[in-house]
Amino acid sequence: MCTVTCIASINIAVIKYWGKRDEMLILPVNDSISATLDTEHLHAKTTVMTSPTFKEDRIWLNGKEEEIKNPRLQNCLTQIRKRARNSNQWKVHICSENNFPTAAGLASSAAGYACLVVALAKLYQIEDDITSITRSGSGSACRSVMGGFVKWCMGSESNGADSIAKQIVPASHWPEMRILILVVNDAKKKISSSIGMKRTIETSDLMQHRLKHVLPNRVKIIEQAIIEKNFKTFAEHTIKDSNQMHAVCLDAYPPIVYMNDVSHTIINLIHAYNEAVNEVKVAYTFDAGPNATLYLLEESVPEFVGVLDHFFPPGINSEQYRKGLTF
Ligand code: 2P0
């Protein structure tokens with residue numbers, strides 16, 4: 001028997017991946033940029049095992065057996081076995097656990113597939129670049145293979161050979177950076193990212209404006225801001241990109257709405273706070289769900305957590321916030 005265990009963390013995009021140009025190969029319509037959290041907190045932990053006694057490939061997610069025939073999972077397994085350097089033909093058993101809510105817009109599939117592919121690559125002794133395999137599991141997973149700030153370059157080749165993730169800077173480059181995740185609702189989202197992206201690409205006019213006139217510049221600006229540790233520029237573009245992703249979702253037909261009233265209350269609070277301190281100290285971003293991720297510097301954490309505690313006192317559920325809070 002052979003066993004490998006790996007841990008991979010979620011990543012939170014500041015330039016959103018939203019739209020595919022090739023659904024089969026999972027090739028994006030734009031470059032995206034994210035930060036991968038350290039492995040201490042929100043992570044997937046995956047153990048892969050092979051043994052001559054295993055009769056079939058099997059997978060357990062959070063302790064429950066799931067369908068191994070899932071096409072994306074099959075894609076990953078097929079590609080791994082094609083590139084294997086050893087001649088291990090034994091069946092594989094996969095056990096994966098997330099220590100955070102699955103499919104609630106917290107990039108669980110990114111951490112899960114990154115972790116799975118890294119573990120399988122170790123098991124099958126694959127040493128070359130594996131971002132294309134992680135991408136075939138879940139697009140954003142390719143960004144979770146690396147730490148720090150990571151850019152997934154859309155690439156231009158039709159086979160996806162140059163659609164790969166690259167580290168912009170390691171986490172140690174900006175050690176003062178902190179990420180807070182505000183879990184508004186941990187229920188499974190109603191419209192998956194894949195369906196949301198497809199509908200947006202097919203029906204949103206605003207999406208064309210985003211792709212042609214906004215993103216090429218924004219990607220360059222935010223990359224430079226990360227390298228120069230310019231928080232103000234980084235924060236403003238992070239906020240704008242989140243809002244634009246949700247704007248193109250709303251522009252899709254039928255419209256897609258991922259944020260709820262609590263999400264909007266958080267947005268209002270952050271703008272009010274930044275105005276009150278006369279500085280952009282906190283940035284927010286929302287993925288395909290109502291939960292907020294905040295980027296802020298270490299020095300701002302105590303005061304801002306105090307503000308959060310004041311407006312969102314622990315122990316009150318989000319339904320009460322919705323009714324009780326106005327800014
Ligand atoms: C991102 N999201 O850049 C964006 C922002 C959600 C909102 O990447 O279809 O689960 O598997 O490639 O990777 C979520 O999309 O989609 C995502 P697939 P994935 O983080």
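My entries on these follow.

**Ground rules.** I am working with a predicted model, where local features need pLDDT of at least 70, side-chain atom pairs count only at pLDDT 80 or more, and totals for chains, interfaces and linings use all residues. Residues are numbered from 1 along each chain as its sequence is written, and side-chain values use heavy atoms, with hydrogens and water left out.

I looked up the second largest pocket and found about 440 Å³ of space. A pocket here is an open set of points on a 1 Å grid over the protein atoms alone, where a 1.4 Å probe fits, with protein on both sides within 12 Å along at least five of seven lines; lining residues have an atom within 4 Å of a point. The volume is the space filled by probe spheres set on the points, which are joined across faces, edges and corners. I noted 18 lining residues, with Thr-36, Leu-37, Asp-38, Met-177 and Ile-179 closest to the centre. Strand 5 (32–36), strand 10 (148–152) and strand 12 (177–182) each give two or more residues to this lining. Strand 12 gives the most, four. Strands are DSSP runs of E, at least two residues; helices are runs of H or I, at least four; both are numbered from the N terminus.

Which domains supply the lining? Domain 1 (2–171) and domain 2 (177–324) each give at least three residues. The domain bounds come from an automatic or database assignment.

**Strand residues.** Ser-32 is found in strand 5. I logged Ser-32 as buried because its relative accessibility is 0%; buried means under 20% relative accessible area (1.4 Å probe, protein chains only). The Ser-32 side chain makes a polar contact with the side chain of Arg-143 at 2.8 Å. Such a contact is a pair of N or O atoms within 3.5 Å, one able to donate a hydrogen and the other to accept it; residues adjacent in sequence count only if both atoms are side-chain atoms. Gly-148 is found in strand 10 and is buried at 7%.

**Helix 7.** At the start of helix 7, a side-chain oxygen of Asn-260 comes within 2.9 Å of the backbone nitrogen of Val-262. Just after helix 7, Asn-278 has a positive phi of about 60°.

**Helix 6.** I found Asn-230 capping the N-terminal end, with a side-chain oxygen 3.3 Å from the backbone nitrogen of Lys-232.

Terms used:
Buried < 20%, exposed > 50% of the residue type's maximum accessible area, 1.4 Å probe, protein only.
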